[in-house]
Amino acid sequence: AKHRALGRFVRPFVDRVLTNTATGRDAHAREGTPVNRVTVLENGVDTARFKRFVLPDVSKKVVRVGCVANLRPVKNVDGLMRAAQVACERFPQLRFEVAGDGEQRAELERLHAELNLGDRFVLRGSVPDVPNFLRGVDVAVLPSHSEGMSNALLEYMAAGRAVVATDVGADAQLLDNGRCGLLVPANDAGA
């Protein structure tokens, strides 16, 4: 409510609103911004950074599942941890790694201990070279509760990794409604 009231106050002074998805444009329109004052500038990724990538070796004894995310509640890394616990029981060759840091780190470390994930789930912290991190990943996961147009998902695709993503924001658009990756419902760790 507070955000909407501020938006109504500021709107007359704004010439153009930028958003990275059609969904964002529609949300601004629902809040009263004239559509002709909203511009969609979709995110992009420098694919040259991923040029020499080879496809993962699926015959390995360990399958690395990676996630690039800020450690914030909206990114749902805690949900990924719970899903990892179940998945590792069924598929012991799985190893999960998260590249990123943030406000939720201490909480996630406590959950890691509570779920007894050990070395099956590693919080790597900030990774300065995301393409290099993705080079060692077989499957890339985007477990977010909410997204616009995810840079991480764009990077996963540029790296040629198999993708599992929650069906939020522009994820379905980027993954061609599941044709180019697996879409799962948000807030469904079982999926």
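Me: Is Q104 buried or exposed?

Reply: Buried means under 20% relative accessible area, exposed over 50%, and partly exposed in between (1.4 Å probe, protein chains only). Q104 is buried, with a relative accessible area of 3%. This is a predicted model, in which local features need pLDDT of at least 70, side-chain atom pairs count only at pLDDT 80 or more, and totals for chains, interfaces and linings use all residues. Residues are numbered from 1 along each chain as its sequence is written, and side-chain values use heavy atoms, with hydrogens and water left out.

Me: Which residues does Q104 touch, not counting those up to four places away in sequence?

Reply: Contact means heavy atoms within 4.5 Å. On that basis Q104 touches L71, R72, P73 and D78.

Me: How many aromatic pairs does the structure hold?

Reply: Rings of Phe, Tyr and Trp (its six-membered ring) pair if their centres lie within 6.5 Å; planes under 30 degrees apart count as stacked, over 60 as edge-to-face and the rest as tilted. The structure holds 1 aromatic pair. F96 and F121 are stacked, at 5.9 Å centre to centre with 10° between the planes. Helices (H or I, at least four residues) and strands (E, at least two) are DSSP runs, numbered from the N terminus. F96 lies in strand β4 (residues 94-99) and F121 in strand β5 (residues 121-125), so the pair ties together parts that are 25 residues apart in sequence. Both F96 and F121 are buried.

Me: How many bridges join β6 to strand β7?

Reply: Two strands pair if DSSP finds at least two bridges between them. Here 4 bridges join β6 to β7 (residues 162-166), and these strands run parallel. A140 stands opposite V163 in β7.
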